[in-house]
Amino acid sequence: MTERVYMKGNEALAYGALKSKLNAYFAYPITPSTEIPETLAKEFGNKEYPDFKVFLQAASELEAVNMVLGAAASGVRAMTATSSPGFSLKQEALSYAAGMELPLLVVNVNRGGPGLGNIAPEQSDYFQMTKGGGHGGYHLIVLAPNSVQEMASFPKIAFDLAFKYRNPACIAGDAFTGQLKEDIIFPTIEPTDYDVSNWAATGAKGRGPHILNSMNLDPEVHAKHVTHLDEKYKTIERNEVRYETYLTDDAEIVIAAFGITSRICKSIVNKFRHEGAKIGLFRPITLWPFPYEEVRKLTKHAKRFLVVELNTGQMVEDIRLGSEGRAGVDFFGRVGGLLPTEREIEDKIAEEAN
Amino acid sequence: MSLTAQEPSLEGYRKKLGKLEALTDKPTHYCQGCEHGELTRLIANAIENLGIRERTVMIDSVGCSVLAFDYFNVDHIQSPHGRAPAIATGLKRVRPDLAVYTVQGDGDTLAIGLLEVMYAAIRGEPISVFLVNNAIYGMTGGQMAPTTIQGQVTTTTPYGRDVGFTGAPVDGSKLISAIDGSAYVKRVSLAVSELETPKGKTYSIKNILEAKQAIENAFKVQLMGGFTFVECLSSCWVNWKLPIMEAKRFVNERLVKQYPLGTYKDKFGIEKK
């Protein structure tokens, strides 16, 4: 069934999660992510979503994310959403979840930082989301939607990846993708069934105990555990990289952008192409695992990358790593909730070309 | 509960202890004389008596009980420091058919995790929190706990705790029982006491039998749908730097004055049933 709807990104994400058989949502309000719990609270009890059994507002971000851990440990689809200052508070639990190998979903609708910052869009949590964020060495699987359409379809992808690898997943939205209202055809979502019988904590009936634990006092045992996690991350890096390329086959200039900025950059590519420039767009969809290999391949034609982000330069480091010095890497950023105008980016391209 | 006229003896009690299915075969890492061992046994006993082992999940907290997943033969979920009641909430909400319990220290419950335990009580989550109050941070080597008493020497109060400076000790049972949502709150002592008999010195396990009943009651009330909290006064002779029996005497003579034993709340009247 296809359904034409006009809704905010945050609302679309909530419905996308419901249609992916979301079982439990634990809430703590924070702007600009709050429409997600509000939408879910409204739909709680709706017979259209019989799997949606628990909606609970917690007393803190810490409580909410730890409730997600407890629910996820039983093998159900559990999630929470937050925004930057709240995402910082999630880090402790996410480190534990990674260590315990719990599949769960945390949505971060990125706003201005550091500190309280503001409630306007930024992409400045890129490092925190993609490089671990909490203590110890681990990764979240991070997906960055750039439209209301993708806010709707990504929860199912995130849950699939989380359960496939028993790893926490994160959807990296921002105040634009969350607050933006668009006219979309709501995607058809076919929920996957996951087998959790060999690890979930559901009571040791007719089997030995399932122990979800991240601690091993014996260094040799812990080294084995961390190595196992690392091997898993390498498998994810090999198999789950997602990206979008637009007119990059012969592109000598490649604009790299994720999330909302990739959409602005696409229209710039169209405009320059019109004028005959060999320019294309590279858009990582998984921010982790990062598509390093594809960046390297692009350097076959690309002489320069222009990385455009709503921060002072974070993904640009990964583009540099991926390009391995084979192409120049320039950066253009806007912060504080300002969005770069097409004109500004065009000027930047022209300036670097001279 | 009824006690026989003759005080039950430690030897008799030990003989009665058989192999419990709710326990693994692994020896615990707890220090000799530490009441964590008693508590482990009593919880396993309650699980077994109620026949709920196959639907019980323990949330393992951070502190001396951090290795409990090695000892209880049930499913386990580890928790970050202080967050065990939140993890328990998440699990219990999606699986109300399970029995869920935590074993937490005084720092875990009443310092870093005070919000989590209070809100679990406020919401009346049907879980059991077993608080081991030994008035000190045991695992980290003897620092001031929220329950350290006035004048008590710890490594972070080397000249004795000055409550005028640090604030007064936290009374967990009083605090939790004052919350509308809690159903069963009880404070017990896990320390055996010395007993003079005509035959000579022996040990009374009256405290332990009381604790045993309280722990079983907690599980029962949880299964009836109430939030339950059993605070277990315990010793920590290693960090208190006292001989074992002197430490136990300190629990039963000094700590009980700060933290009086008894039933602080029994909403469902489980003790009368």
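1. A crossing of two helices is called left-handed if the near helix is turned anticlockwise from the far one by less than a right angle, and right-handed if clockwise. By that convention, α1(A) passes α6(A) in a right-handed crossing. Helices (H or I, at least four residues) and strands (E, at least two) are DSSP runs, numbered from the N terminus.

2. A word on the ground rules. This is a predicted model, in which local features need pLDDT of at least 70 and side-chain atom pairs count only at pLDDT 80 or more, while totals for chains, interfaces and linings use all residues. Residues are numbered from 1 along each chain as its sequence is written, and chains are lettered from A, and ligands numbered from 1, in the order in which they are written.

3. Back to that helix pair in chain A. Helix α1 (residues 9-19) and helix α6 (residues 148-165) of chain A cross at roughly 25 degrees, and their axes come within 7 Å; axes are lines fitted to C-alpha atoms, for helices over the stretch in contact, and angles run from 0 to 180 degrees between N-to-C directions. α1(A) and α6(A) are therefore roughly parallel to each other (angles under 35 degrees count as roughly parallel, over 145 as roughly antiparallel, 65 to 115 as roughly perpendicular and the rest as oblique). Among the residues making the contact are A12(A) and L13(A) of α1(A), and M151(A) and F154(A) of α6(A); two residues are in contact if their C-beta atoms, placed from the backbone, lie within 7 Å. By class, this contact has nine nonpolar, three polar and one charged residues. Here Ala, Val, Leu, Ile, Met, Phe, Trp, Tyr, Cys and Pro count as nonpolar, Asp, Glu, Lys and Arg as charged, and the others, Gly among them, as polar.

4. Next, the domains of chain A. Domain 1 covers 3-239 and domain 2 covers 244-353, with bounds that come from an automatic or database domain assignment. Their centres, taken over C-alpha atoms, are separated by 28 Å. Contact involves 24 residues of domain 1 of chain A and 20 residues of domain 2 of chain A. On the domain 1 side, α5(A) gives the most, with four residues. That side of domain 1 has 13 nonpolar, eight polar and three charged residues.

5. Please look closely at the contact between the chains. Chain B puts in 27 residues and chain A 36 residues. On the chain B side, β1 (56-60), β2 (75-78), α3 and α5 each supply at least two residues, and α3(B) has the largest share, eight residues. The chain B side divides into 14 nonpolar, six polar and seven charged residues.

6. Strands also link the chains. Strand β9 (residues 211-212) of chain A runs parallel to β2(B), joined by two bridges (two strands pair if DSSP finds at least two bridges between them). I77(B) is the bridge partner of L212(A) in β2(B). An open sheet of eight strands with mixed pairing has the order β9(A)-β2(B)-β1(B)-β3(B)-β4(B)-β8(B)-β5(B)-β9(B). β9(A) and β9(B) stand at the edges with a single partner strand each, so one side of each is left without a neighbour in the sheet.

7. Finally, α3(B). Helix α3 (residues 84-94) and helix α5 (residues 114-122) of chain B pack at an angle of about 40 degrees, with their axes 7 Å apart, and that makes α3(B) oblique to α5(B). P85(B) of α3(B) and V117(B) of α5(B) are among the residues that make this contact.
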